[in-house]
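Open the model in a viewer and keep the selection tool at hand.

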Amino acid sequence: MSVETKEIRNIAVVGHNGTGKTSLVEQMLYYTGAIAKAEKVDSGKTVSDYTEEEISRKISVHTSLNSTQWMNKTINILDTPGTADFVGEAICSFRTAEAAIMTVDARDGAQIETIKLWRRLDQRKKPRAVFINKMDKERANSRDVLDNLAEEFHSNFAPVTIPMGYAEEFKGVINLIENKAYFFKENGKEEVTDVPSEYEENVNTYREELIEKAAEGSDDLIEKYFEEGTLSDDEIRRGLREGLKNDSVVPVFVGASDKGSGITSLLNFISNNFPSPEGICEYIIKEDGTEERNYPIGAKSVAEAYCFKTTIDQFSGKLSFIKVVNGFVGPDTDLYNNEEGKKGRPGKIYRALGKKLIEIDGLNAGDIGIITKFEPAKTNSTLVGDAQDKIKFMALKLPQPIYELAISASDKKSEDKMNDALHRITEEDLTFEMKFNEETKESIIGGMGELHINMILDKIREKQKIQINTKVPKIAYRETITKKSGLSEYSHKKQSGGHGQFGRVVIEISPIERGQYYSFENTVKGGAISKGYVPGIEKGIHEKMEEGFLAGYPLVDIGVNLIDGKEHPVDSSEMAFKLAAKGAMDVALAKAGCVLLEPYCKLEVFVDQEYLGAILSDLSGRRGRVLGQEDMGHLTSVKAEVPMAELRSYAIDLKSMTQGSGSFELEFDHYETLNGKLADDVIAEAKREREAQENA
Ligand SMILES: Nc1nc2c(ncn2[C@@H]2O[C@H](COP(=O)(O)OP(=O)(O)OP(=O)(O)O)[C@@H](O)[C@H]2O)c(=O)[nH]1
Ligand SMILES: [Mg+2]
């Protein structure tokens, strides 16, 4: 049934890979009665990891939506993958949920993805809690993790639950605000008791810490705490609730998610203290194109929603995950995608439990649900109930692909199948890109890492029964000139039977500003060339610019001045002038100091400090220029400019240099001149390829 805005809790469960997010969600669903039995991830039967690739690899790959009820609240839980290759899925969940739960391994504290995800949450000022998981493991130590988190992130971490024992001795958790002990029962739910006396001292110490941190939630509580040295139970709750909402306090829970420990306290806290969507501001795009976070959920009655995720389900077809920001969206609501001029009615509205869809009567402001086969929706689109409504919600900000491959199939039919399948994936997964590189004539796919790309290709190979070949993409070098050519002339003459061909062109070429590509000036005097032949000349110049001069890469940033020429009353034609212009370009280019340009990327690498030295020396070996470094707890981020040619296997190399822990972001930045032996190699390689093609 539809739920009032203030009764909704939207939560993104995020964290380093393998820290127990899916297990935690499974237990939350079990405790709240949404499912009859909690399964282990390794069994391949959890609600949330339901796709083939998730079951076979035992990791989450997609964000799943799971709705359940607890204490009269509807909790929409987005279970996200922790593996960096699928960060796009985590980002779409941040955008949508009002708060996050970060799972942290009780043995390891903040790991690389914890730190990176934390930074992403900081950028969005997203309220968050921490769940310190796997207390049942050897070496688990929640005290160390709390200290480590405080050191890494400088937030006010307020312990809400603390463990009773650890590793084999782990018995459950004590809830410091309820003052109750929750013993976990193997394959059952938690048993609540009074706090056993042996833990009293521990409880008192941690309660002091809780009160001190909860006070940070609001100015009047800080004052009261300073004056009186303590807070009442109600004030502690208020401090946590307000502090969580304004991101000044981070409540911390402990447990063992796949044993079902620590779950009740977390659920109680979510229902009582996590923010409802009511009045929380969404980001919109203003008319001038800038973004603003000033659009409170539930402030208007007209239906307004956005689509934050699309998947293609083999049975239900296209599923659009939507969040309603205002009004009500029911099966009969007219929804317009005004940007694309499309309109439709959802027909049916669903909540979800992983792959299971549960039909409901509709979604109020703040709620999240799914509509099927709804053509007007695609990821990032704004959907509104009024054709005149111009509101536009901000699109997801996703990182650029960092790993690219050139692909081809064995024959035309397979190629079509491959392209269709890949195209469908680009609709679902906005961190996956597919393009044809005009300059290198290759089909390129790009994604967030080797795993991401391999998984997509494996799936297509298997489903479509086609062979897909991959290779390292060619670098899109370019060519340009470094000086003026001086006058350069060429005559195209041919005498064959009847009409001959004649055209003479005199040009001068000169370098123009980087990024301007091409300019053309006609300074021919006294009608030496009729106007009608000039388009032919420009065509010839364009063709030459595309063909290149040194190594077959496109020429750029060249200004051409057409100075003089000659025509013949009978033998001249547009074609003759085109060929003459190409010839004149060859003459000019030979005199204009032609060089290769190579693409450079802006690179940001995130590594543990212990690998910093190795990373920096590796970057200099890759001709990189380090622009700066920034400490992020025990991680360091290194920003650098590096030639793209040196980064083609960086996704793999960085993993091996950092034992799998390092990661990076990458975007194309600019072109720079390539000289010397490296340039000679590129030119020689191009020549070899040309000859091989000619001989083939
Ligand atoms: N001993 C123990 N194992 C756990 C606990 N929680 C999860 N695990 C195990 O740790 C592994 C990873 O758990 P998942 O729930 O898949 O972790 P995740 O964070 O969802 O992983 P990704 O989604 O791939 O990032 C599985 O084998 C779980 O059974 C726990 O509290 N104790
Ligand atoms: Mg998972």
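A residue counts as near a molecule or strand if its C-beta atom, placed from the backbone, lies within 6 Å of it. The model is predicted: local features need pLDDT of at least 70 and side-chain atom pairs count only at pLDDT 80 or more, while totals for chains, interfaces and linings use all residues. Residues are numbered from 1 along each chain as its sequence is written, and chains are lettered from A and ligands numbered from 1 in the order in which they are written.

**Ligand 1.** Select ligand 1 and the 25 residues around it; G20, T22, S23, S60 and G82 come nearest. By class, this shell has 4 nonpolar, 13 polar and 8 charged residues. Here Ala, Val, Leu, Ile, Met, Phe, Trp, Tyr, Cys and Pro are nonpolar, Asp, Glu, Lys and Arg are charged, and the others, Gly among them, are polar. Next colour helix α1 (residues 21-31), which supplies the largest share of the shell, 3 residues. Helices (H or I, at least four residues) and strands (E, at least two) are DSSP runs, numbered from the N terminus.

**The sheet.** Which strands form the open sheet, and in what order? The order is β25-β26-β24-β27, 4 strands with antiparallel pairing; two strands pair if DSSP finds at least two bridges between them. At the edges are β25 (433-437) and β27 (468-471), each pairing on one side only. Neighbouring strands are turned by 35° against each other on average, direction ignored. Axes are lines fitted to C-alpha atoms, for helices over the stretch in contact, and angles run from 0 to 180 degrees between N-to-C directions.

Now select β25 with β26 (residues 442-447): the two pair in the antiparallel sense over 5 bridges. E433 has G446 in β26 as its bridge partner.

**K463.** Go to K463 in helix α11 (residues 450-464). K463 is exposed, with 12 other C-beta atoms within 10 Å; the cut-offs are 12 or fewer for exposed, 20 or more for buried and partly exposed in between, with C-beta atoms placed from the backbone. Its C-alpha atom is separated by 9.4 Å from that of A421, 42 residues apart along the chain.

**The hairpin.** Finish at β34 and β35, a hairpin with 2 residues between the strands; G633 in the turn has a positive phi of about 60°. β34 pairs with β35 (residues 635-643) in the antiparallel sense over 7 bridges, and G628 has K639 in β35 as its bridge partner.
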